[in-house]
Amino acid sequence: MTSRHATLADWLAHCERLHTAQIELGLERVTSVWQRMGITLGTPVVDAAAGQEAADGAPVVFTVAGTNGKGSTCAMLEGILMSAGYRTGVYGSPHLVHFEERCRINGTPAKADEFLPHFEAVEQARGDMPLTYFEFTTLAIMRLMAQAGLDAVILEVGLGGRLDAVNIIDADCAVITSIDLDHMEFLGPDREAIGSEKAGIMRAGRPVVVSDPKVPGSVVAHAESLGADLWLFGRDHNYAGDRQQWSWGGRNKRFNGMAYPSLRGANQLLNASGVLAALEAVRNRLPVPAQAVRTGLATVELPGRFQIVPGQPTLILDVAHNPHAAATLAVNLDQMGFFPRTHVVWGAMADKDMAGMVEKLLPLVDAWHCCDLPTPRAASAQQLADLVRALQAQPGPVTLPKAAVNTHPDPMAALHAALAGADPADRILVFGSFFTVGGVLHEGLPRLNAPHMPGSTPPNTPSSAPAG
């Protein structure tokens, strides 16, 4: 198939021009185009009794929804299944630096030219049907994975669940990681409403694993009305741990004496528990030995999820972009041990609960470096700085010393400034958005040395900001 655009960048520019809205929820358009493409992925649900029947050669499809923890859950599923010898594909969004990160085949991002025929196929099938950037690119990636000869496909929901483009595929196993307040203008005003939207990825007669320990009633009610096989944390899967190791129990399976997952953070055992429950739920189709579980969890990597970069000062990268994630980030920072000072590089979207993010971290931060981001959705560095100063000025139960607040034109400039003001024993946190973390990763991991240390060199300034 000859592609009418010569490069992936040309196709992505074409996708950006097609639709005036960045987000338009609904499955009618994307379902229509997918059907015209004549591609199948996974096994359609015919009725509840046929829910676990598989078409010959069809991959097992996992769909992962949730407010936070989706990327980590997808990465752990991928790592364990690859360790067990299965051929895996993962679709996730947004990306940190390069679009190709959105599609991993056997742990490696697809090459730019591998996308071209699939973008062309979507273009031919859509006719005059308008598709958003997310819908168009999702269809292209799902077609790529459908033709890749995979054993397992892991689809990360972009927004919500019920009306997200990946929900045109019938998941063999659905996973809901956490449910909290985010994207409320699209998903509803509270956890019950948001849970109902995320429950839309369930299918009749098929397993749905919930990792959230405080599951909304709307999720349970939807599973029961649909006849889905609901796996609840605390009832159908659970974990326990001490300082050295942890153990997990499902309905009929146990793992004891495991090393902690290589992904750091307070909620990673919740995510891992959901992953192991999902694997137990599909064990008849994808049996996984214990050693693959241990190896997969011990070696999994995912940039930007409480990622600690070696060097002086210590650098932490985290894409936390809502109050729930910021609260977890604050716990993780508090558990790191003593650092004389904490310097923060922060950029965020204007439609997020920015005050909720800042309030979680205020007691831990000695210097704020607020930055502009290269997207119209972003709040300006000045808006962020004004918010921090306003929150610092509010009376509270404990009077905290006022942290310094500065503004910068981009994340890398903010990182330079944080580095200039940091001692070797300090730490620097970069957080708030995929754009913020991506902005300091654009030319690879920064290699930091405090400027007054011998042989130190500042990180390179990126040539451009990430998209997505």
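Reply: Two strands pair if DSSP finds at least two bridges between them, and helices (H or I, at least four residues) and strands (E, at least two) are DSSP runs, numbered from the N terminus. This is a predicted model, in which local features need pLDDT of at least 70 and side-chain atom pairs count only at pLDDT 80 or more, while totals for chains, interfaces and linings use all residues. Residues are numbered from 1 along each chain as its sequence is written, and side-chain values use heavy atoms, with hydrogens and water left out.

Me: Which strands stand at the edges of the open sheet of three strands?
Reply: The pairing in this sheet is antiparallel, and the strand order is β9-β10-β11. One side of each edge strand is left without a neighbour in the sheet, because each has a single partner strand; the two are β9 (238–241) and β11 (254–258).

Me: Which residue of β10 stands opposite Gly-241?
Reply: Strand β10 (residues 246–249) runs antiparallel to β9 and is joined to β9 by four bridges. Opposite Gly-241 stands Trp-246.

Me: At about what angle to β10 does helix α9 run?
Reply: Axes are lines fitted to C-alpha atoms, for helices over the stretch in contact, and angles run from 0 to 180 degrees between N-to-C directions. Helix α9 (residues 268–281) lies across β9, β10 and β11, and the angle to β10 is about 40°.

Me: Is Asn-332 buried or exposed?
Reply: Asn-332 lies in helix α11 (residues 323–334). Buried means under 20% relative accessible area, exposed over 50%, and partly exposed in between (1.4 Å probe, protein chains only). Asn-332 has 5% relative accessibility and therefore counts as buried.

Me: Which handedness has the crossing of α4 and α5?
Reply: The axes of helix α4 (residues 116–126) and α5 come within 8 Å and cross at roughly 120°. A crossing is left-handed if the near helix is turned anticlockwise from the far one by less than a right angle, and right-handed if clockwise. The crossing of α4 and α5 is right-handed.

Methods: Contact = heavy atoms within 4.5 Å.
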